[in-house]
Amino acid sequence: MNWRTSVKDIAPYIPGKSIEAVKKELQLEEVHRLASNENPLGPSPKAKAAMKQAIEEVHLYPDASATKLRERLAEMYEVQPEQVITGNGADNIISLVVSAYIDEGDEVVYGSPTFPAYRSSTLLMGGIPVEVPLTKDWQFDLDAMKAKITDKTKLVFVCNPNNPTGTIVEDSSLEKFIQEIPDHVTVVLDEAYIEYVREKPYKTGIDYFKAGHPIITIRTFSKFYSLAGLRVGYAVASEELLEPVLRLREPFAVNRVAIEAASATLDDNDFTEEHYQMNEEGKKYLTEEFTKLGFEVFPSYTNFLFVHIKSDAQALFNKLLEKGLIIRPCTPWGLNEYVRISIGTKEQNELLVGILHQNEKE
C-alpha cells in the first residue's frame, strides 16, 4: 500500500478495553473500567437536562465556532472569547496545534513517559519528536528539556499534571521555564487534569497567559466534567497564536449536544464538588490499601494513581480482567511493572482492593 512514510512510523493507538467487549469476551454480567480516567459519577444533572433538550435539534448543524461555550469559558477565565478555541476533544486540539506549527524537520520537545499524542502528531507532520526522560521520581526535567531546544525546535509540550504519572510541576519552576524559552518556541501546556489541583494556590497555564506569556493552554471536559463520550476540548491563548489553528479547525468540530452539555456542566458546582470530594477520598483510600499490599504509589494530582506493583503488570491486568475490573498496564510506555488505575466510586475502589487482597493470598 502507498502509505505516507510518516504514517508508517506511527504506532497505532491501543485503547483500553471497552466494557462491552469484556462482557462479551468473558461472559460477565458486571464490568468496571478503572483504566481510562473517566468520572464514575456520569454526567451532571444539568448536563443531562441540557442534552435532552439539545437532542430535539440535532437535525440542525451546530454553531460552527461554539460561540455559547466559548463565551462561557471566556467569562469563567476572564479572557476574551476570541482567545478560546474549541475542538473534538483535547486530542483534536493537540493535533491541530501541531499541524498548524510543525513543518517537516521541525522539532517538538516533551518529557517521557507522557501522553502519546505529542509524538504521533509530530511524526504525522514529518516533525522530529525529542523525548526527554522524566527524573527518577517521575518529574519533568525542565532543565534537560530546555537544553534540548535548538534552532529547529518549534513546540515544547508539558503535560501538567502528567499522564500517566500523575505528577505536577512546581509552578515557580514552570514559570521560570516559560520565561527562559527562546522566542521562536511556543510552550503548550496540556492541562487535562488541572481541575484536580486544589491543595494550594497554583498558577495554571491560563494564569501565565493572562500575565503576558506567549503560551497555549489545552484543557478538556472528558475528565473532571464527566463528558468523555461527547469529546469536548478547548485551548486558551492569544489570538495571534490561535490564528493558524483556526485555519485548520473543521467548522463543526463540537456537536450541538456537546456544546449544550459542556456549557451546562460549568454551572453545576454541586456536581463537580461532589466528584472532587469523592476523588480525594478514593485517592487516600487506594493509596493506603495499595501500600499495605507492598505496592509503591506515587503522589497524584489527578483522578488516577500511578503504581509500581513490583511484578508483571500485564499479568495483574489479566487476572483483574477475569474478575470484571479493567486497569491500565503501563507496558506501552515500556514500564512493565507499573499500572495506572483510575479512582472509582467507593464501591468500585473497595471491590478492587478486595480482589487484590484475595489475589495476594492465592
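# Close-up views of a predicted model

**View 1. Asn162 and its surroundings.** Leaving out neighbours within four places in sequence, Asn162 is in contact (heavy atoms within 4.5 Å) with Pro113, Thr114, Leu134, Phe140, Thr167 and Phe304. Its place in the chain is the loop between β5 (153-159) and α8 (171-180); helices (H or I, at least four residues) and strands (E, at least two) are DSSP runs numbered from the N terminus. Is Asn162 buried or exposed? Asn162 counts as buried because its relative accessibility is 0%, where buried means under 20% relative accessible area, exposed over 50% and partly exposed in between (1.4 Å probe, protein chains only).

A note for all views: this is a predicted model, in which local features need pLDDT of at least 70 and side-chain atom pairs count only at pLDDT 80 or more, while totals for chains, interfaces and linings use all residues. Residues are numbered from 1 along each chain as its sequence is written, and side-chain values use heavy atoms, without hydrogens or water.

View 2. Look for the bond between Ser112 and Pro113, which is cis with an omega of about 10°. Pro113 sits in the loop between β3 (107-112) and α6, and Pro113 is also one of the residues that Asn162 contacts. The other cis bond runs from Asn163 to Pro164, with omega near 25°. Pro164 belongs to the loop between β5 and α8, and Asn162 lies in the loop between β5 and α8 too.

**View 3. Tyr101 in helix α5.** Tyr101 is found in helix α5, which covers residues 90-101. Because its relative accessibility is 17%, Tyr101 counts as buried. Which residues does Tyr101 touch, not counting those up to four places away in sequence? They are Asp106, Lys154, Leu155, Thr186, Ile216, Glu240, Leu241, Pro244 and Val245. For a sense of scale, take Gly212: Tyr101 and Gly212 stand 111 residues apart in sequence, and their C-alpha atoms are 20 Å apart in space.

**View 4. Helix α5 beside helix α6.** Two packed helices are described by the angle between their axes and the distance between the axes. Here the axes of α5 and α6 (residues 117-124) come within 9 Å and cross at roughly 35°; axes are lines fitted to C-alpha atoms, for helices over the stretch in contact, with angles from 0 to 180 degrees between N-to-C directions. On the α5 side, the contact is made by Ile94, Ser95 and Val98. On the α6 side, Ala117, Tyr118, Ser121 and Thr122 make the contact. The buried residues of α6 are Ala117, Tyr118, Ser121, Thr122 and Leu123. Just after α6 comes Gly126, with a positive phi of about 80°.

View 5. What is the phi of Trp138? Phi of Trp138 is near 65°, a positive value in a residue other than glycine. Trp138 lies in the loop between β4 (128-133) and α7 (142-147), and its relative accessible area of 12% is why Trp138 is buried. Ser226 likewise is a residue other than glycine with a positive phi, near 65°. You will find Ser226 in the loop between β7 (215-220) and β8 (233-236). Ser226 counts as buried because its relative accessibility is 9%.
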